[in-house]
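Biologist: I am new to this one. Can you walk me through how its helices pack?

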Amino acid sequence: MSAAEGDAGGGVAGVDDKQRCEWCEMSFSAKDPKSVVMHRDYHDLEWGRPVRDDDNKLFEMITLEGAQAGLSWATILKKRDSYRRAFDDFDIDKVAEYDADKVSALLQDPGIVRNKLKVNATVSNAIASQQVRKEHGSLSRFLWSFTDNRTIVNDFHKLSDLPTKTRVSEAMSKTLKLRGFRFIGPTIVYAFMQAVGMVHDHTKRCFLYRSKLPTSQTISADAAAVVAEGILAQHKAQAKANKTTKRKQSAASSSSSSSKRRRR
């Protein structure tokens with residue numbers, strides 16, 4: 001339903017006459033002022049706006065999109081402030097240092113989703129993010145490389161037109177898994193890409209559809225897929241090479257041990 005229809009239904013605080021993406025307007029039906037403002041502000045001020053050079057913000061969105069799995073986005077938005085408090089404002093270096101006692105404490109925190117797999121994944125993803133920054137300079141630089149540091153701009157008419165995953169999100173998901181990330185399937189990755197502006201998915205009915213970026217800052221979905229799949233191929237090749245090296249080292253170590261035993 002449209003924002004205007006929401007007003008017609010009895011007047012909902014925070015709703016104006018602007019048309020927004022359907023997923024946002026759906027929240028207006030609850031006629032809960034806090035929920036309306038929360039969804040409206042997230043849609044208007046954050047969703048789809050490019051997040052660059054802010055590793056902790058990108059890590060936050062990876063965490064929140066993963067936490068949403070099996071739940072509604074409204075549930076996660078309501079818990080967002082609690083997540084920031086619980087996870088040290090998503091400071092990657094701090095979260096990477098969390099030990100078993102800290103994880104146990106988090107699992108007792110009613111302000112977050114108390115799922116052990118998801119909490120442990122957040123810690124392991126922080127560690128994996130550290131390694132990415134060590135190799136690529138920043139998490140932002142690495143993640144945006146999958147779209148050649150540009151935004152994929154789509155021209156969908158309505159919510160049902162939007163995909164849940166794409167070739168790019170599938171390639172990014174597989175690459176991140178090779179790097180040790182967890183709770184990072186292709187659907188979660190696509191939602192993350194939408195949230196941080198790697199994809200512009202405001203539909204044509206939304207007033208923010210017109211906020212599209214200049215052509216020089218955009219890339220087609222097909223062109224981005226080629227880039228992303230190339231990055232995945234490089235990581236697969238590196239993983240294969242690493243596996244071969246470890247196998248050879250293991251064989252050499254075994255041979256050396258066997259030779260020492262014979263000399264005895």
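Biologist: At roughly what angle do the axes of helix α4 and helix α12 cross?

Modeller: Bear in mind that this is a predicted model. Helix α4 covers residues 55-68, and helix α12 covers residues 186-195. Their axes come within 9 Å. They cross at roughly 135°.

Biologist: Is α4 oblique or roughly antiparallel to α12?

Modeller: The crossing angle is roughly 135°. Only angles over 145 degrees count as roughly antiparallel. That makes α4 oblique to α12.

Biologist: Which residues of α12 make the contact with α4?

Modeller: On the α4 side, L58, M61, I62, E65 and G66 take part. By class, the contact has seven nonpolar, one polar and one charged residues. From α12 come I188, A191, F192 and A195.

Biologist: How are α4 and α9 oriented to each other, oblique or roughly antiparallel?

Modeller: Helix α9 spans residues 116-136, and its axis comes within 11 Å of the α4 axis. The two cross at roughly 150°. Angles over 145 degrees count as roughly antiparallel. Therefore α4 and α9 are roughly antiparallel.

Biologist: How many charged residues are in the contact of α4 with α9?

Modeller: The residues of α9 in this contact are K118, T122, N125, A126, S129 and R133. α4 brings D55, F59, I62, T63, G66, A67 and Q68. By class, four are nonpolar, six are polar and the charged ones number three.

Notes. Residues are numbered from 1 along each chain as its sequence is written. This is a predicted model: local features need pLDDT of at least 70, side-chain atom pairs count only at pLDDT 80 or more; totals for chains, interfaces and linings use all residues. Side-chain values use heavy atoms; hydrogens and water are left out. Axes are lines fitted to C-alpha atoms, for helices over the stretch in contact, and angles run from 0 to 180 degrees between N-to-C directions. Helices (H or I, at least four residues) and strands (E, at least two) are DSSP runs, numbered from the N terminus. Angles under 35 degrees count as roughly parallel, over 145 as roughly antiparallel, 65 to 115 as roughly perpendicular and the rest as oblique. Contact means heavy atoms within 4.5 Å. Ala, Val, Leu, Ile, Met, Phe, Trp, Tyr, Cys and Pro count as nonpolar, Asp, Glu, Lys and Arg as charged, and the others, Gly among them, as polar.
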